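Good morning, and thank you for coming.

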Amino acid sequence: MIARDRLEQLRAKFGSAIQRADLPGDDRLYVFVEPATVKEICRYIFRDLDARYVISIGADDRPYSGQFLVAHDFAFDKDHVLCSVLAYLAADNPQIDSITEAVPAANWAEREMRDLVGIVPVGHRYLKRLVLPDGWPEDVHPLRKDIRWDHVPKDFDDEREFKFDNPPEGCTVVPFGPFHPTLDEPSHFRLYVEGEMVRGCEYRGFMAHRGIEKMAESVLGYNDIPMLAERICGICGCVHSVAYVQAVESAVALKPPPRAEYVRTIMLEIERLHSHLLWVGLACHIVGFDTLFMQSFRIREPVMWIAEKITGNRKTYALCVVGGVRWDITPELKIELRHVLDKLEAEWRAVVAAVSGDKNIQKRTVGVGVADKDLVKNAGLVGPVARAAGVGIDCRRDHPYAAYDRVEFDVITAEGCDVWSRVVVRMTEVFESIKIIRQCLEKMEDGPLQLAMKDELPVGRLGLSSVEAPRGESHHFVITGENNRPRRWRVRAPTYQNLQAIPAMIKDQQIADMTISLGSIDPCFSCTDRLETIDLRSGSTRVWSQKELWNLTRAPKASP
Amino acid sequence: MSSSLISAVCGGVMNVIVVLAVAPLCQGVLRKVTARIQSRQGPPLWQPYFDLLKLLGKEDIESGVSPAMQRFTVYLSLAAVLTVACFVPMGFGAPMDGAGDVYLLIYLLTLCGVCTLLAGLAAGSTYSLIGISREMMSMIALEPLFAVALVVGAMHVGSFRLNAVLNGSVYASSGISWSGLIMLGVIVLSFQAFVQRVPFDISEAETELMEGPLMEYSGPKLALFKYAQMSKLVIYSALFVALFVPWGSGLWYPLGWVLFWAKVFVLVLLVTVVAATHARYRIDQAIRYFAGLLAVAFLALILASYGY
Amino acid sequence: MSAVSKLKEALVCLKAGRVTLPYPPQGHPVPPNFRGRPVFDATKCTGCAGCANNCPAREILVFDVCQEIRILKYLGRRCTYCGRCADVCPEKAITMSQEFETGTNQIRDMQQSSELFMSTCQRCGRCFTEPTVLEQLKLKGYRQDDLANERWIFCSRAYLENDAVVDDIRIELD
């Protein structure tokens with residue numbers, strides 16, 4: 001079925017509730033509906049049509065249409081369709097029925113909508129603050145258009161703390177984070193522990209929220225944003241920059257030249273290689289096996305060097321502009337890349353052969369951090385976590401982008417649903433990536449690297465893009481706008497969905513398994529949170545009290 | 001003072017000095033070999049000496065629940081380990097042979113373990129309490145193993161005196177010493193746990209517990225604690241060599257002494273290689289493993305009581 | 001069996017040997033197109049401010065002291081080393097050098113300031129407002145060639161490298 005067929009199904013069931021539908025192609029569907037019917041339509045799409053939930057987005061559209069906008073994105077993986085259910089809400093009372101009763105995976109997205117835009121999801125069963133810091137005043141919503149991007153609220157309450165739930169009976173509270181050797185980025189998991197078993201967990205995160213979306217909507221331009229997008233994450237930067245430019249290109253119906261698509265594919269797969277190799281090393285380090293950690297990093301290093309040779313930097317490739325790429329893969333680089341891949345494949349096969357029979361590692365990872373098919377569906381899990389549960393979703397095959405429709409590869413799944421299956425899936429995906437890069441190097445066509453864009457981009461168009469990051473599906477939503485910048489840009493990283501399942505995965509498991517369960521979703525908190533504070537110090541040395549530091553960071557500074 | 005008393009005290013002091021001098025070197029070897037296995041350069045062999053000096057010079061931050069208890073625990077820990085050193089034959093006979101017997105040795109070894117518990121308790125933070133609960137569980141299953149080995153040896157030679165037992169006594173049975181070989185196997189399989197290395201360094205799992213019982217220790221306290229841990233490696237290796245591979249120690253000085261330290265060195269290398277190639281076990285898996293070994297050890301004890 | 005796997009893993013490790021580089025005496029060589037610290041050449045700069053307009057981090061500032069003097073200042077704090085300034089510069093006055101060891105405790109070490117003399121129109125005495133130098137080239141009064149000796153006085157080398165040679169005019173660079 002293509003997008004049109006799905007629209008016909010929705011029309012047949014909901015008729016007049018659908019006000020308008022945009023069908024830019026066979027693979028995208030934008031349905032504008034009455035706010036009161038959003039919940040039923042989402043339930044129908046999620047349960048009856050068996051779509052996968054992606055994200056919910058809130059936007060302040062008041063300067064343009066006088067209303068707020070809510071969008072719920074779904075994916076029909078087998079039909080290669082991305083669909084968005086949108087509704088306009090009255091400006092004086094932005095409320096909408098929460099869809100969490102039908103779609104439990106929308107938990108965080110709706111809380112974020114409430115925190116940042118002020119759209120209240122009525123009927124949400126756990127409407128606590130998610131993104132904003134504890135002391136932030138209640139009625140200041142940063143993503144609204146009347147709030148400046150560097151706004152400092154006057155009545156920020158230093159002393160207010162986050163009110164955690166009470167622990168269940170008989171449990172002690174073990175705080176995990178924000179400072180912990182295993183976590184690379186700060187987040188707080190409040191574990192309720194009975195002896196050595198974890199009985200429950202509460203998450204308080206978003207400590208590294210950086211206000212990226214607000215900056216993109218206020219101060220940056222279309223071609224500046226890829227530089228920002230690739231810094232969302234310390235490992236999957238290329239993914240976000242490609243997803244963003246693809247969303248804009250999809251919004252304005254531009255197709256980059258074929259050579260650019262091949263270059264994007266190659267860089268994305270190089271990124272997947274280094275990310276998976278890093279992750280296997282990290283997982284071994286978490287279970288105490290430092291030797292394999294060192295070896296994985298040693299094997300991974302040539303990938304970083306070749307990326308540096310192609311793009312000029314090991315990780316921040318600065319690759320994409322809207323309509324193309326900036327770097328080319330010359331014939332010398334092709335030869336060198338092939339060498340690197342051959343050597344990598346040989347070494348990695350040796351490691352995989354060794355690790356597959358290793359009972360010592362398997363004892364720590366089999367049966368741990370279980371996420372079965374039901375949890376995958378209800379929580380909307382993506383990436384290797386879903387594939388290790390037997391759910392074969394992969395955006396490269398389901399929603400083809402860049403040059404993936406021209407190469408052949410397998411989607412690796414496993415049936416174990418546990419951490420060991422995720423290890424196996426990631427280790428095997430390395431070989432698929434190598435296969436894809438080799439095919440791209442052969443099939444690459446000559447041609448320009450960028451489109452010659454002479455006109456300004458049209459305004460008010462919607463664009464969706466799903467890219468398979470090493471951790472899962474990274475989904476970007478863009479509304480193009482005036483002044484060379486988007487009106488709304490929403491980034492949904494894969495960890496955003498996968499983190500929501502952590503309490504279910506670590507329940508009734510031991511504390512020792514908590515770190516490896518968390519590590520097995522390959523969390524990228526930088527992708528998930530999106531603010532930062534700038535900390536300045538005077539030249540003199542003096543011990544600063546916490547209050548003083550906080551005041552200093554919040555004093556309004558002359559921009560920027 | 002009688003000359004035997006003087007020589008005993010001197011011998012004990014000599015042992016202590018040797019242990020203090022050699023322990024950081026063994027740690028350095030361990031780190032260097034681990035690094036080479038991991039394709040790295042690794043720190044210089046003398047790095048642990050520098051680390052200890054650095055830590056001793058740092059500010060002592062009192063951050064635990066009861067700082068006085070923390071200080072006491074640290075001194076107790078190092079003192080217990082060094083006292084054990086006085087009783088271990090290191091190339092010569094056990095210097096303070098007359099001052100104690102095998103039972104004292106067993107209790108002193110247990111005291112070393114208890115010091116970790118006290119340390120975590122004095123620190124009082126959530127992670128250190130979890131660490132000591134793990135340590136307690138593993139101690140219950142682990143400490144008896146060495147005790148059984150010593151008792152098996154004592155049974156064979158019919159005496160609890162240190163010099164008699166710590167001289168390969170486990171093999172001195174009336175035939176093929178099954179109990180000796182079984183105990184050799186048991187102690188080899190659990191040696192990593194005694195010296196607190198991967199796969200059995202569970203109570204101080206860095207990635208899970210942020211160093212567990214050692215969490216609130218910094219500066220000089222941490223230096224002494226680390227020193228105690230390093231010395232434990234040497235002590236246990238020496239005990240192992242004395243109990244299970246004593247051949248050649250009777251040779252005239254300096255050959256016997258050199259041979260002894262060579263054997264200790266080989267044991268340290270073995271510990272390093274196993275530590276570098278294994279992942280850490282979970283506490284329940286470790287307890288089951290030790291419980292199994294304990295059952296086998298008791299079997300050896302029964303065999304020893306029948307003279308096998 | 002686990003022991004066999006451990007042996008295989010050990011083999012992987014031993015085959016690799018030691019890979020630590022003796023940094024800082026000798027590090028890993030950086031490739032020629034490495035995007036390090038940008039270096040601004042004030043002698044080539046024409047003050048078009050293309051770099052300032054295209055910097056994603058807004059780290060290049062433009063300030064006109066008066067009609068004839070323009071200051072272009074690179075602040076270097078949030079520079080993302082993306083190289084867009086170098087791509088856009090029509091005079092190739094910006095190069096992304098190979099330096100990445102730029103740690104310093106004085107932000108002034110990272111800042112680069114170019115004070116530029118902006119030519120004024122010979123007729124009206126004001127500065128041009130055309131977007132690019134190429135556009136400016138096409139306007140009257142921008143060049144003062146030496147007709148007596150048939151010399152084309154052309155200050156900018158960048159375009160000359162890519163342009164086809166013009167047939168019957170001898171081109172000399174000043």
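**Backbone exceptions and one interface**

I begin with Ala318(A), which lies in the loop between helix H9 (290-311) and strand E11 (320-321) of chain A. Helices here are DSSP runs of H or I with at least four residues, strands are runs of E with at least two, and both are numbered from the N terminus. This is a predicted model, in which local features need pLDDT of at least 70 and side-chain atom pairs count only at pLDDT 80 or more, while totals for chains, interfaces and linings use all residues. Residues are numbered from 1 along each chain as its sequence is written, chains are lettered from A and ligands numbered from 1 in the order in which they are written, and side-chain values use heavy atoms, with hydrogens and water left out.

Most residues other than glycine have a negative phi, and most peptide bonds are trans. Ala318(A), although not a glycine, has a positive phi of about 50 degrees. Is Ala318(A) buried or exposed? Ala318(A) is buried, at a relative accessible area of 1%; buried means under 20%, exposed over 50%, and partly exposed in between, using a 1.4 Å probe and protein chains only.

Asn484(A) also has a positive phi, near 65 degrees. Asn484(A) sits in the loop between strand E14 (472-479) and strand E15 (488-492) of chain A, and its relative accessibility of 47% makes it partly exposed.

Next come the cis peptide bonds. One joins Val198(B) and Pro199(B), with omega about 0 degrees; Pro199(B) belongs to the loop between helix H7 (178-194) and H8 of chain B. Another joins Tyr23(C) and Pro24(C), with omega about 5 degrees, and Pro24(C) is in the loop between helix H1 (2-16) and strand E1 (38-40) of chain C.

I turn now to the interface of chains A and B. How many residues of chain B are in contact with chain A? There are 25, and they meet 29 residues of chain A, where contact means heavy atoms within 4.5 Å. Together the two chains bury about 2300 Å², 52% of it on carbon and sulfur atoms; buried area is the accessible area (1.4 Å probe) that two parts lose on being put together, summed over both.

On the side of chain B that touches chain A, helix H5 (126-157), helix H8 (206-209) and helix H11 (283-305) each supply at least two residues. H5(B) gives the most, with six residues.
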